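Here is a walk through one protein model, taken region by region. Have a look at the structure first, then read on.

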Amino acid sequence: MRGYVRVFVMTRQGIYIQVPFCQTKCTYCNFHTGVVSAGRFAPYAEAVCREIRGHRELYRAAGVELPERFEKAVVDTVYFGGGTPSLLEPELLQRMMEAIRGTFAAELSEVTLEADPETVEAEKAEAWVRAGINRVSFGLQSFSDKELAAAGRMHRRADIYRAVPILREAGIGNISFDLIAGLAFQTKESWRESLEGLGKLGPEHVSVYLLEVDEGSRLGKELLAGGARYSAGAVPGDDLMADFYEMACEFLEAAGYHHYEISNWAKPGFESKHNLKYWRREAYLGFGAGAHSFSGTQRWANAHDAAEYVGAIQAGRLPAEQVEGVTRESALEEELFLGLRQLDGIDVGRIEREYGVALGMRFRPLESAGLVMRDGDVVRLAPARLSVSNEVFVELMR
Ligand code: SF4
């Protein structure tokens, strides 16, 4: 399939590194992550380094053609996600950073490590900073021990209060907290306590996710089957989840955070540079098992299974699974879907010019239903409808 080439001059590029290992499996987790022995970490990191260094040849053999402008691209953001990348020995993170610096033109302004609070120690945090990590994204999820225990998390509230000062002491000036609305046993009171706990620690960035109920997690399966395992009976309903989201919007706005994406808030200047690339359809290369990449003309993903990934890379082959050209239609759908996730909205005029389409009719029913607002050329989700954004996306993609 011929790829659709969006006309833009790309000079900046992000790199995502997937570390698919965890200490335990959280009940709500629908990611492809595994609990493995620490002995598997080093060979995995080595495979990622090989993929980074040899990516051009590996891509070519797998049918991925990097556009020419990649030659001149500068890597400015790196994101270690997972899984729990903070489980790795810092030396392994350091090696992957060296592979990036040795392979790409790098002017790194944001290097994020996803971390779980119980994995943070002073020595490790100092080594992270030496490796170039300057942002830590914390999977806190809640400040309630009861909710954390029911979700199968390893950390407790005390670990959060212990870990944050360690990071600050080590020199991490950009910390993000993740909270989940919809955990078992969550009430309006406990949710407020989590928001207040967050407020006391003052991270620069906050992500609030709504619990996803699908077949991909043990809890999701149980909920769909109407069972009671994994505290499924204590999971709040949709209306309460929407209330939690509204409470977060109010609390975070009052605390000086700028709501810039449906699930993300930042203090001024601390919006995630890396994640903005996803929402703005800018290029990023993903390395590691299950990592996704987008070149502007193609999207692809590596095999999810870590052992299969390591074996393939050792054999000199990229285990790319879904190499797809980006068609004009799919690019337009992404523009709308990803654009509406951002609170600045979509510049309809630009999209109409770029894609040669008229979008007025597409938005009119949503406007009439009060789901989106139009202000000149800009269309954005109506503030009161943010918590039902999925409904808007379904309508828009019809
Ligand atoms: S720590 Fe994150 S990736 Fe790992 S099992 Fe829990 S939710 Fe999944």
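## Around the ligand

One thing to keep in mind from the start: this is a predicted model. What surrounds the ligand? The shell takes in Cys22, Thr24, Lys25, Cys26, Tyr28, Cys29, Phe31 and Thr33, together with Gly83, Thr84, Asp116 and Arg153. By class, that shell comes out as five nonpolar, four polar and three charged residues.

Besides sitting in the ligand shell, Gly83 is joined to Gly82 by a cis peptide bond, with omega about 10 degrees. In the fold, Gly83 belongs to the loop that runs between β2 (74–82) and α3 (90–103). Most peptide bonds are trans.

How many cavities of 30 Å³ or more does a search of the whole structure find? The answer is one, and the space in the largest cavity comes to about 30 Å³.

Its lining is made up of Thr27, Tyr28, Ala150, Ala151, Leu183, Ala184, Leu219 and Tyr230. Seven of these lining residues are nonpolar, one is polar and none is charged. Tyr28 turns up here as a lining residue and also in the shell around the ligand.

## The second largest pocket

The second largest pocket holds about 290 Å³ of space. Its lining counts 15 residues, and those closest to the centre are Trp279, Arg280, Gln342, Gly345 and Arg350. Sorted by class, the lining has eight charged, four nonpolar and three polar residues.

Which elements supply at least two residues each of this lining? They are α12 (328–341), β13 and α13 (348–355). Of the lining, α12 gives the largest share, three residues.

## A three-stranded sheet

β13 also takes part in an open sheet of three strands, ordered β13-β15-β14, with antiparallel pairing. The edges are held by β13 (346–347) and β14 (372–375); each has a single partner strand, so one side of each is left without a neighbour in the sheet.

Two bridges link β13 to β15, the two strands running antiparallel, and here Asp347 stands opposite Val378 of β15. Within β15, Leu381 faces Val372, while Val378 is the bridge partner of Asp375. So where does the chain turn from β14 to β15? The hairpin has two residues between the strands, and Gly376 has a positive phi there, near 65 degrees.

Helix α2 (residues 55–62) buries His55, Leu58 and Tyr59. Looking down the axis of α2, these buried residues fall within an arc of 100 degrees, so they line one face of the helix. Turned away from that buried side are Arg60 and Ala61, which are exposed. The general rule behind such patterns is simple: an α-helix has 3.6 residues a turn, so residues three or four places apart point the same way.

In helix α14 (residues 360–368), the buried residues are Gly360, Phe363 and Leu366. Their arc, seen down the axis of α14, is within 130 degrees, so these residues too line one face of their helix. Met361 and Ser368 are exposed on the other side of α14. After α14 comes Gly370, which has a positive phi near 75 degrees.

Most residues other than glycine have a negative phi. Which way does Phe185 go, positive or negative? Its phi is positive, near 75 degrees. Phe185 lies in the loop between β5 (175–181) and α7 (188–201), and with 34% relative accessibility it counts as partly exposed.

Ser231 also has a positive phi without being a glycine, at about 60 degrees. Its place is the loop between α8 (218–224) and α9 (238–254).

Note on methods
Residues numbered from 1 in each chain as written. Predicted model: local features only at pLDDT ≥ 70, side-chain atom pairs only at ≥ 80, totals over all residues. Heavy atoms only, no water. Near = heavy atom within 4 Å. Nonpolar A, V, L, I, M, F, W, Y, C, P; charged D, E, K, R; others polar. 1 Å grid on protein atoms, 1.4 Å probe; cavity = no way out; pocket = protein on both sides within 12 Å on 5 of 7 lines; lining within 4 Å. Points joined across faces, edges and corners; volume = space filled by probe spheres on them. Pairing = 2+ DSSP bridges. Helix = DSSP H or I, 4+ residues; strand = E, 2+ residues; numbered from the N terminus. Buried < 20%, exposed > 50% of the residue type's maximum accessible area, 1.4 Å probe, protein only. Arc of directions from axis to C-beta.
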